[in-house]
Amino acid sequence: MAAVRKPVLLGLPDAAVHGRPTGPGAWSASKLGGLPDALPAVAAPRPVCERCRQLLALVVQVYCPLEGSPFHRLLHVFTCPRPRCGSCGARSWKVFRSQCLQMREKEAPDTQRQEKGLAAEDWCEGADDWGSDNEEMPSPQLTLDFGNDSNSAKDLDCTAQLQDLCLQETVLAAALTVPPGEEMALPSVVPQFLPYYICVVDEDDYRDVVSLDHAHNLLREYQQREGIDMEQLISQSLPGDGNEKYEKTTIKSGDKIFYKFKKRIAACQEQILRYSWSGEPLFLTCPTSEVTELPACSHCGAQRTFEFQLMPALVSILRSANLGISVEFGTILIYTCEKSCWPHNQQTPMEEFCIVQEDPDELLFK
């Protein structure tokens with residue numbers, strides 16, 4: 001019996017984030033760039049690069065509580081945007097997971113949030129059913145706050161100010177950890193990419209209404225350049241469908257994976273994020289032993305499971321807000337504790353794991 005394919009949801013860039021939103025409207029929003037928001041009673045992550053020891057820039061913030069869980073759940077992905085650290089692979093990337101118990105009786109109902117101009121969209125149906133007796137692996141949801149409330153955009157409360165003070169403390173702490181004889185240039189500002197909210201679409205729904213002409217054109221170009229039978233490529237099913245039949249072909253394995261990647265994303269090239277809790281990642285290049293030898297959760301020892309990945313389209317959107325910074329990658333695969341463990345009274349984010357795959361052919365993504 002064929003395995004059921006996990007649903008895939010796509011993150012797309014949406015409206016710009018104005019000002020510095022605070023409170024639940026900030027940490028329950030998924031966004032790219034800007035500064036990390038903190039859950040109640042949990043410090044915002046302020047990681048430094050393992051190579052240059054300077055503060056990392058936030059790439060994405062993803063709000064993704066799990067079905068059947070009593071926790072708010074927030075993931076942050078950071079990178080070092082400095083050119084000399086760009087070749088360090090996973091050493092220049094960090095992933096952190098934060099959680100806190102929900103207090104539903106103290107939170108405003110969804111109807112009130114919408115009246116204030118805050119929109120939300122779940123990753124999957126039933127995501128708010130916290131009383132579920134289903135003992136299967138929890139499914140994810142992602143709630144997106146589009147930040148249309150002009151008042152929240154102008155409001156900078158004490159929480160935001162305290163977070164900014166924490167930045168200064170982090171920089172000083174990083175300086176103290178620099179080995180003797182080495183120097184660290186303290187940045188005057190934290191490196192930031194321009195912030196945008198992220199909206200969500202279901203991949204299956206999106207593919208139903210978008211033409212695959214672009215994918216076919218790419219395959220024709222490849223056929224002309226490499227002398228490969230295009231029909232053989234098109235006849236191959238998408239990865240993870242369960243009934244996929246691989247035909248013999250003269251394509252090298254690396255090229256085959258790359259063009260499967262291109263074919264899969266052709267219907268929605270603007271996707272910057274693919275979310276599929278406990279699903280299958282979409283590899284850009286041949287997976288290495290890292291994928292089969294994932295490190296266990298550093299706290300509970302459970303295995304890590306795939307949760308989401310960052311896509312090539314994100315590279316061109318990550319524009320500098322202050323220091324002329326930039327970043328290059330193919331795809332970033334994010335793996336998290338399959339139990340989503342969270343110790344009692346934990347007040348600092350827990351580090352997770354990522355795999356960096358470089359872009360094998362930057363020209364085709366332009």
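Which residue of β3 is the bridge partner of L32? The partner is V60, and several of the points below return to that residue.

1. The mean pLDDT of the protein is 75, and 62% of the residues reach 70 or more. Residues 104–139 have a pLDDT that stays under 50, although the model gives them 64 contacts beyond four places in sequence. Where pLDDT is low, the predicted coordinates should not be read in detail.

2. Overall make-up. The protein has 366 residues, and 49% of them are buried. Its secondary structure consists of 10 helices and 11 strands. Of the contacts between residues at least 6 apart in sequence, 75% join residues at least 24 apart. The protein exposes about 18,100 Å², and carbon and sulfur atoms supply 51% of that area.

3. The sheet. The 11 strands form an open sheet with antiparallel pairing, and their order is β10-β5-β4-β3-β2-β6-β1-β7-β8-β9-β11. At the edges are β10 (350–351) and β11 (353–357), each of which pairs on one side only. Strands of a sheet pair through backbone hydrogen bonds, either parallel or antiparallel.

4. From β10 to β4. Strand β5 covers residues 93–101 and is joined to β10 by two bridges, the two strands running antiparallel. In this pairing R97 has M350 of β10 as its bridge partner. Nine bridges join β5 to β4, again antiparallel. Here V95 of β5 stands opposite V77.

5. Strand β3 (residues 57–63) pairs with β4 over six bridges in the antiparallel sense. Within this pairing, L58 has F78 of β4 as its bridge partner, and V60 has V77. Strand β2 consists of residues 31–32 and is joined to β3 by two bridges, with the strands antiparallel. L32 is the residue whose bridge partner in β3 is V60.

6. Burial of β3 and β4. Why can β3 be called largely enclosed by the rest of the structure? Because seven of its seven residues are buried. Strand β4 (residues 71–79) is mostly covered as well, with nine of its nine residues buried. In a regular strand the side chains alternate between the two faces of the sheet. Both faces of β4 are covered: F71, R73, L75, V77 and T79 are buried on one side, and H72, L74, H76 and F78 are buried on the other.

7. The nonpolar cores. The largest nonpolar core has 32 residues, and those touching the most other members are V60, W93, F308, L310, L314 and F329. Another core, of 13 residues, lies apart from it and includes L74, C100, C297 and C341. As for V60, its contacts beyond four places in sequence are K31, L32, L75, H76, V77, I198, F308, L310 and L314.

8. T305. This residue belongs to strand β8, which covers residues 304–310. Is T305 buried or exposed? T305 counts as buried because its relative accessibility is 10%, and the cut-off for buried is under 20%. Beyond four places in sequence, T305 touches W277, S278, I334, Y335, T336 and E338. With S278 there is a polar contact of 3.5 Å between the side chains. T336 is 31 residues away from T305 in sequence, while their C-alpha atoms are 5.5 Å apart.

9. L323. This residue lies in the loop between α10 (313–317) and β9 (331–337). L323 has a relative accessible area of 42%, so it is partly exposed. Leaving aside neighbours within four places in sequence, L323 is in contact with V189 and P191. V189 is 134 residues from L323 along the chain, and the C-alpha atoms of the two are separated by 8.2 Å.

Notes. Residues numbered from 1 in each chain as written. Predicted model: local features only at pLDDT ≥ 70, side-chain atom pairs only at ≥ 80, totals over all residues. Heavy atoms only, no water. Pairing = 2+ DSSP bridges. Helix = DSSP H or I, 4+ residues; strand = E, 2+ residues; numbered from the N terminus. Buried < 20%, exposed > 50% of the residue type's maximum accessible area, 1.4 Å probe, protein only. Core = buried A, V, L, I, M, F, W, Y, C linked by side-chain atoms within 4.5 Å. Contact = heavy atoms within 4.5 Å. pLDDT = per-residue confidence, 0-100. Areas by Shrake-Rupley, 256 points an atom, 1.4 Å probe, with all protein chains shown as cover. Polar contact = N/O pair within 3.5 Å; in protein donor to acceptor, adjacent residues only side chain to side chain.
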